[in-house]
Amino acid sequence: MRKLLLFLLAAAPALTAQPVITPAPQQCVWRAGDNPAWAAPYLDESGWQPYSSWKLNPSEPRIWIRCHADLSPLSRMDRPAIQVTLAAAYQLYINGKSVGIAGNLRSGQFSLSIVRTHLLAQTAVSAQPSVIALRIAYRYSDPTQIVSDLSAGIAAGDAEALNWRRSNLVQEQLPAALRNLVWYGAVGVIGLVLLALFLYDRSRREVLILGIAYLSTAGIFVTFFLKATLADIPAAAVITALLATAVVASLAQIWFPFAAAQRRVPLLFW
């Protein structure tokens with residue numbers, strides 16, 4: 001373990017010192033619709049709009065983004081790659097050639113692993129200037145805040161440096177997520193104890209309802225922990241679980257005091 005820590009400490013400066021190219025929004029344009037011909041390196045972009053002005057329009061879930069960048073430094077790297085940060089299904093093109101895909105372009109389904117690194121061939125970055133194109137299919141304008149930022153982020157560089165960049169993002173998000181997970185994990189344990197007590201005495205319905213409230217509340221924060229770790233899990237499944245646990249927790253919290261008082265829940269509360 002000591003040798004591993006020393007290696008990581010020695011490797012960190014070398015990885016972070018490698019250049020990472022991040023096209024600014026001013027270097028990118030976008031257009032609603034879906035036309036594979038828009039991946040071409042030489043394309044009339046006069047009808048396209050600046051990407052800095054883009055906002056999600058539910059009636060335009062399919063868009064293309066084109067960015068112009070100098071990727072020549074990548075040709076001198078051992079493992080050139082492009083990292084895309086995007087909460088949507090997409091296909092990545094470099095100079096008209098497809099180099100990566102994430103999610104399902106037909107349905108718009110995607111994974112919580114929204115930071116993905118795509119390896120490039122040396123020939124993919126030989127032409128200058130390079131055109132990075134993203135063919136995107138959005139599905140969610142998410143009210144649960146599991147997916148809060150729907151804009152696209154692009155970074156190019158050595159694969160190891162980009163993977164280190166992704167790890168740093170997880171490291172930044174993890175402390176708060178772990179604190180919540182530990183706290184609400186304890187809440188979940190209490191919920192399990194309450195369910196065990198109910199199995200011992202099935203006449204105590206209020207114990208069952210309180211146990212369900214505790215477990216579902218803990219489940220809410222498990223989903224946010226999965227988001228922080230960029231887990232490779234379908235976003236639709238996590239969002240559905242979050243909504244379901246939130247509804248169950250709310251209903252159980254309303255129901256519990258009436259069950260404890262052995263009274264029916266008034267229609268107004270339902």
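Q: Is the crossing of α3 and α4 left-handed or right-handed?
A: This is a predicted model, where local features need pLDDT of at least 70, side-chain atom pairs count only at pLDDT 80 or more, and totals for chains, interfaces and linings use all residues. If the near helix is turned anticlockwise from the far one by less than a right angle, a crossing is left-handed, and if clockwise, right-handed. For α3 and α4, the crossing comes out left-handed.

Q: At about what angle do α3 and helix α4 pack?
A: Helix α4 covers residues 235-260, and its axis runs 8 Å from that of α3. The two are roughly antiparallel to each other, because angles over 145 degrees count that way. The packing angle is about 155°.

Q: How many nonpolar residues does the contact of α3 with α4 have?
A: Two charged residues (Asp, Glu, Lys or Arg) sit in this contact, along with six polar ones. The rest of the contact is nonpolar (Ala, Val, Leu, Ile, Met, Phe, Trp, Tyr, Cys or Pro). The nonpolar count is 18.

Q: How far apart are the axes of α2 and α3?
A: Helix α2 spans residues 159-200 and helix α3 spans 205-228, and they pack at about 160°. That angle makes α2 roughly antiparallel to α3. The contact of α2 with α3 divides into 24 nonpolar, six polar and two charged residues. As for the axes, the distance is 7 Å.

Q: Which residue does arginine 66 meet in a salt bridge?
A: A salt bridge here is a side-chain nitrogen of Lys or Arg within 4 Å of a carboxyl oxygen of Asp or Glu, and this pair has N to O at 2.6 Å. Arginine 66 sits in strand β3 (residues 62-69), with its partner 21 residues away in the loop between β1 (28-32) and β2 (49-50). Both are buried (under 20% relative accessible area; exposed is over 50%, partly exposed in between). The partner is glutamate 45.

Q: In β3, what is the bridge partner of valine 29?
A: β1 and β3 pair in the antiparallel sense over five bridges, and DSSP needs at least two for strands to pair. The bridge partner of valine 29 in β3 is arginine 66.

Q: Which strands stand at the edges of the open sheet?
A: The six strands run β2-β1-β3-β8-β5-β6, with antiparallel pairing. An edge strand here has a single partner, so one side of it is left without a neighbour in the sheet. The edge strands are β2 and β6.

Q: How many residues apart in sequence are the parts tied together by glutamate 160 and arginine 79?
A: These two form a salt bridge, with the closest N and O atoms 2.8 Å apart. Glutamate 160 lies in helix α2, and arginine 79 in the loop between β3 and β4 (80-85). Both are partly exposed, glutamate 160 at 38% and arginine 79 at 36%. Their separation in sequence is 81 residues.

Q: What is the relative accessible area of glutamine 262?
A: Residues are numbered from 1 along each chain as its sequence is written, and side-chain values use heavy atoms, leaving out hydrogens and water. Glutamine 262 lies in the segment after α4, and its phi is near 55°, a positive value in a residue other than glycine. It counts as exposed, at 73%.

How values were computed
Axes are lines fitted to C-alpha atoms, for helices over the stretch in contact, and angles run from 0 to 180 degrees between N-to-C directions. Helices (H or I, at least four residues) and strands (E, at least two) are DSSP runs, numbered from the N terminus. Angles under 35 degrees count as roughly parallel, over 145 as roughly antiparallel, 65 to 115 as roughly perpendicular and the rest as oblique. Buried means under 20% relative accessible area, exposed over 50%, partly exposed in between (1.4 Å probe, protein chains only).
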